[in-house]
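Walk through this structure with an eye on its side-chain pairs.

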Amino acid sequence: MKISLFDVSDPSNPVAINSIIKSSSYTPVEYDYRALSVLNNNGRYRFALPIESCSRYTDEFESLWTSFNSLMLLEVDTTSNNPQLIERGVVLPDETKQPYANGWQDRSVIHGNQVWHSTWAENAQVFGPF
């Protein structure tokens, strides 16, 4: 998954400013724009998007793929002289409380068939599922 910020001040010549790449990951935003939440606070934009990531667990007997879900928090300050796409954090729900199936219909407010709550802060506590 790749998320990029572009300078589109000249629409005929968009310029990539910077990107964030998450390997072995996807977001439901790729298929449904409603999965993305955006908050504009006087030119400081905050974005929250659900991500499903896969990782491979291998031991001497077997190799398994496991998935986990999170909510990525991004920010762009358009009032800055040099705006950048910045990853501000990740919200990781405690999936041991309730197993998780997949992220096809995740939203940045609703986590699958579960609702979780957290504040916009690094290492913020996550509450839920409700």
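E75 is buried, with a relative accessible area of 4%. Buried here means under 20% relative accessible area, exposed means over 50%, and partly exposed lies in between (1.4 Å probe, protein chains only). Salt bridges that share partners join E75 with R44, R46 and R88 into one network.

A word on the basis of these values. This is a predicted model, where local features need pLDDT of at least 70 and side-chain atom pairs count only at pLDDT 80 or more, while totals for chains, interfaces and linings use all residues. Residues are numbered from 1 along each chain as its sequence is written, and side-chain values use heavy atoms, with hydrogens and water left out.

The side chains of R88 and E75 meet in a salt bridge, at 2.9 Å from N to O. R88 lies in strand β7 and E75 in strand β6 (residues 63-77), so this pair ties together parts that are 13 residues apart in sequence. A salt bridge is a side-chain nitrogen of Lys or Arg within 4 Å of a carboxyl oxygen of Asp or Glu. R88 is partly exposed, with a relative accessible area of 31%. Why can such pairs form? Side chains of opposite charge can pair when their charged atoms come close.

How many salt bridges does the structure hold? The count is 5. One of them pairs K22 with E87, whose closest N and O atoms are 3.1 Å apart. That pair links distant parts of the chain, 65 residues apart. K22 sits in the loop between β2 (15-21) and β3 (25-26), and E87 in strand β7 (residues 86-91). K22 is partly exposed at 25% relative accessible area. E87 is partly exposed too, at 31%.

D32 and R34 form another salt bridge, 2.9 Å from N to O. R34 is exposed, at 53%.

Now turn to S25. This residue belongs to strand β3. S25 is buried, with a relative accessible area of 15%. The side chain of S25 makes a polar contact with the side chain of S53 at 2.8 Å. A polar atom of the S25 side chain also lies 3.0 Å from the backbone oxygen of S23. A polar contact is a pair of N or O atoms within 3.5 Å; within protein, one must be able to donate a hydrogen and the other to accept it, and residues adjacent in sequence count only if both atoms are side-chain atoms. Leaving out residues up to four places away in sequence, S25 touches M1, I51, E52 and S53. Contact means heavy atoms within 4.5 Å.

Next, the rings. There are 2 aromatic pairs. The rings of Y45 and F47 have their centres 6.4 Å apart and their planes at 20°, so they are stacked. Rings of Phe, Tyr and Trp (its six-membered ring) pair if their centres lie within 6.5 Å; planes under 30 degrees apart count as stacked, over 60 as edge-to-face and the rest as tilted. Y45 is partly exposed, at 27% relative accessible area.

Finally, the whole chain. It has 0 helices and 9 strands. Helices (H or I, at least four residues) and strands (E, at least two) are DSSP runs, numbered from the N terminus. Of the 130 residues in the chain, 30% are buried. Among contacts between residues at least 6 apart in sequence, 44% join residues at least 24 apart.
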